[in-house]
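Take a look at the fold before reading on. The paragraphs below go from the overall layout to single residues.

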Amino acid sequence: MVASDLSYLLFYDTFLHLEHVEESQIDMISFNSPVILHEIRVVPVGVAGHPAAPMKGETKPEAFTLDFFAKVTKNKNACVFEPVGHLDYSLSNISLPCGRLGLV
């Protein structure tokens, strides 16, 4: 296996929104350098998300919609984001395959 074919856990944390609101809520994850994503996964309540992560998922409610965006890498000084995926999260649909999506 070539090093570029290896997959690593890049981020594991909890986003907490105390109140349910109808309008959009935005959370952001930033990396210090460009990354290539193969999958975005939302971890259900009580499930271990990864062997390297000591905590379990706290995802609530049991169903919701997520839209994912990435910073456009063509102009590093511009603050422009493009849509990269949509997930209708439920206990039976927890991941968004990304192929080899390059992000900043």
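Among contacts in the protein between residues at least 6 apart in sequence, what percentage join residues at least 24 apart? The figure is 51%. A contact here means heavy atoms within 4.5 Å. This is a predicted model, where local features need pLDDT of at least 70, side-chain atom pairs count only at pLDDT 80 or more, and totals for chains, interfaces and linings use all residues. Residues are numbered from 1 along each chain as its sequence is written, and side-chain values use heavy atoms, with hydrogens and water left out.

Start with the layout. The protein has 0 helices and 4 strands. From the N terminus on, the order is β-β-β-β. Helices (H or I, at least four residues) and strands (E, at least two) are DSSP runs, numbered from the N terminus. Of the 104 residues, 18% count as buried. Buried means under 20% relative accessible area, exposed means over 50%, and partly exposed lies in between (1.4 Å probe, protein chains only). The protein exposes about 8300 Å². Carbon and sulfur atoms supply 55% of that area. Accessible areas come from the Shrake-Rupley method with a 1.4 Å probe, and for residues only the protein chains shown count as cover.

Now go inside. In soluble globular proteins, nonpolar side chains tend to be buried together. The largest nonpolar core here has 9 residues: Val 35, Leu 37, Ile 40, Val 42, Phe 68, Leu 87, Tyr 89, Leu 96 and Cys 98. Strands S1, S3 (81–89) and S4 (95–103) each give two or more residues to this core. S1 gives the most, with 3. Such a core is a set of buried Ala, Val, Leu, Ile, Met, Phe, Trp, Tyr and Cys residues joined through side-chain atoms within 4.5 Å.

Leaving aside residues up to four places away in sequence, Tyr 89 touches Val 42, Val 43, Pro 44, Thr 59, Pro 61, Glu 62, Ala 63, Phe 64 and Ile 94. Pro 61 sits in the loop between S1 and strand S2 (64–71). Most peptide bonds are trans. The bond joining Lys 60 and Pro 61 is cis, with omega about -5 degrees.

Gly 85 lies in strand S3. With the residues up to four places away again set aside, Gly 85 touches Leu 66, Asp 67, Phe 68 and Leu 96. Gly 85 and Asp 67 are 18 residues apart in sequence, yet 6.0 Å apart in space, C-alpha to C-alpha.

Turn to the surface. Tyr 8, Leu 10, Phe 11, Phe 15 and Ile 29 form a nonpolar patch with about 490 Å² of accessible area together. Patches are made of residues with over 30% relative accessible area and no salt bridge; like charges are joined within 9 Å, and nonpolar side chains (Val, Leu, Ile, Met, Phe, Trp, Tyr) within 5 Å. Ile 29 belongs to the segment before strand S1 (35–41). Ile 29 counts as partly exposed because its relative accessibility is 35%.

The structure holds 2 aromatic pairs. One of them is Phe 11 with Phe 15, stacked at 5.9 Å centre to centre and 20 degrees between the planes. Rings of Phe, Tyr and Trp (its six-membered ring) pair if their centres lie within 6.5 Å; planes under 30 degrees apart count as stacked, over 60 as edge-to-face and the rest as tilted.

Finally, the charges. There is 1 salt bridge, a side-chain nitrogen of Lys or Arg within 4 Å of a carboxyl oxygen of Asp or Glu. Arg 41 and Glu 39 form it, at 2.8 Å, N to O. Arg 41 is partly exposed at 45% relative accessibility, and Glu 39 is partly exposed at 36%.
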